Amino acid sequence: MPIYTEETIKTDRQDWVIFHDYEYFYLDPRGDAAPVTREIADNGKRQFVLCLGGGVIVRSINGTQKLERTGWIEVPEGGVRIDSTGATKPGDQAQLLYATGDWEGLPHIGVFWAWPHTPLEVHYHDFDEYWFIVSGHSEAEADGSVHQVGPGTLIATARGYEHGMPNVGELVTGVCFEPALGPDQRRGHLHRHEHGDPVPSREI
């Protein structure tokens with residue numbers, strides 16, 4: 001299970017990992033200060049922006065829309081302009097996750113939480129899965145190995161590898177990215193006792 005940071009994804013990325021870059025950033029309006037904005041240009045690859053807290057206004061060739069907590073957009077041709085003014089109360093921060101790479105179709109992107117009393121059970125998938133850890137620290141298991149993960153970590157799990165967070169010591173918040181399913185791929189968490197033994201898709 002490759003584990004990356006915002007720095008190592010640029011230099012140590014394995015070929016099968018679809019993300020080339022990612023970043024957490026804040027837009028912080030301060031009362032009557034000038035509008036706080038961020039431009040994301042069209043870079044020829046797929047890109048998404050997900051709102052983790054607060055709210056922003058997004059302007060693009062698709063028009064103007066408000067993006068609030070857990071909402072996300074794919075950056076269209078021509079890029080986007082993101083503005084916190086008018087979407088977040090003065091003094092509040094809008095926190096966002098930006099990522100770019102190569103993927104096909106419409107992915108599933110969502111925020112997840114794990115608590116000590118509701119951990120993430122060990123499971124596997126018929127697709128590659130990616131976790132962006134936003135906050136909290138935990139042990140993460142992958143195919144029998146234990147890894148320490150925390151804020152800023154990107155975990156890439158290849159299809160057919162068991163993984164989870166069965167021993168969570170504190171609240172962990174993350175973003176899960178699942179690519180579009182192929183015709184022979186099952187959705188959701190799969191388990192040995194119910195769905196059969198996992199078949200790893202590649203050597204890691």
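**Figure 1. Overall view of the protein chain.** Among contacts (heavy atoms within 4.5 Å) between residues at least 6 apart in sequence, 75% join residues at least 24 apart. This is a predicted model, in which local features need pLDDT of at least 70, side-chain atom pairs count only at pLDDT 80 or more, and totals for chains, interfaces and linings use all residues. Residues are numbered from 1 along each chain as its sequence is written, and side-chain values use heavy atoms, with hydrogens and water left out. The protein chain has 2 helices and 17 strands. Both are DSSP runs numbered from the N terminus: helices are H or I with at least four residues, strands E with at least two. The C-alpha atoms fill a box of roughly 55 × 35 × 30 Å along the principal axes. A compact globule of 204 residues would have a radius of gyration near 17 Å, and the protein chain agrees with 18 Å. That radius is taken over C-alpha atoms, and the globule rule is 2.2 Å times the number of residues to the power 0.38. Of the 204 residues, 47% count as buried. Buried means under 20% relative accessible area, exposed over 50%, and partly exposed in between (1.4 Å probe, protein chains only).

**Figure 2. The open sheet of 5 strands.** The strand order is β1-β15-β12-β17-β10, with antiparallel pairing. β1 (3-4) and β10 (108-114) stand at the edges; each has a single partner strand, so one side of each lacks a neighbour in the sheet. Strands pair if DSSP finds at least two bridges between them. β1 pairs with β15 (residues 154-157) in the antiparallel sense over 2 bridges. Here Ile 3 stands opposite Ile 155 in β15.

**Figure 3. The largest nonpolar core.** This core has 24 residues. A nonpolar core is a set of buried Ala, Val, Leu, Ile, Met, Phe, Trp, Tyr and Cys residues joined through side-chain atoms within 4.5 Å. Phe 19, Phe 48, Tyr 130, Phe 132 and Phe 177 have the most contacts inside the largest core. β2 (19-27), β4 (46-53), β9 (94-101), β12 (129-135), β15 and β17 (172-178) each supply at least two of its residues. Leaving aside neighbours within four places in sequence, Phe 132 is in contact with residues including Phe 19, Tyr 22, Phe 48, Leu 97, Leu 154 and Phe 177. A second, separate core has 16 residues, among them Val 49, Cys 51, Ala 94 and Leu 96.

**Figure 4. Gln 95 in strand β9.** Gln 95 counts as buried at 18% relative accessibility. Its side chain makes a polar contact with the side chain of Tyr 26 (3.4 Å). A polar contact is a pair of N or O atoms within 3.5 Å; within protein, one must be able to donate a hydrogen and the other to accept it, and residues adjacent in sequence count only if both atoms are side-chain atoms. Beyond four places in sequence, Gln 95 is also in contact with residues including Tyr 24, Leu 50, Cys 51 and Val 134.

**Figure 5. Thr 157 in strand β15.** Thr 157 counts as buried at 4% relative accessibility. Leaving aside neighbours within four places in sequence, its contacts are Met 1, Trp 16, Phe 127, Asp 128, Glu 129 and His 163.

**Figure 6. Thr 70 in the loop between β6 (63-68) and β7 (72-74).** Thr 70 has a positive phi of about 75 degrees although it is not a glycine. Most residues other than glycine have a negative phi. At 35% relative accessibility, Thr 70 counts as partly exposed.
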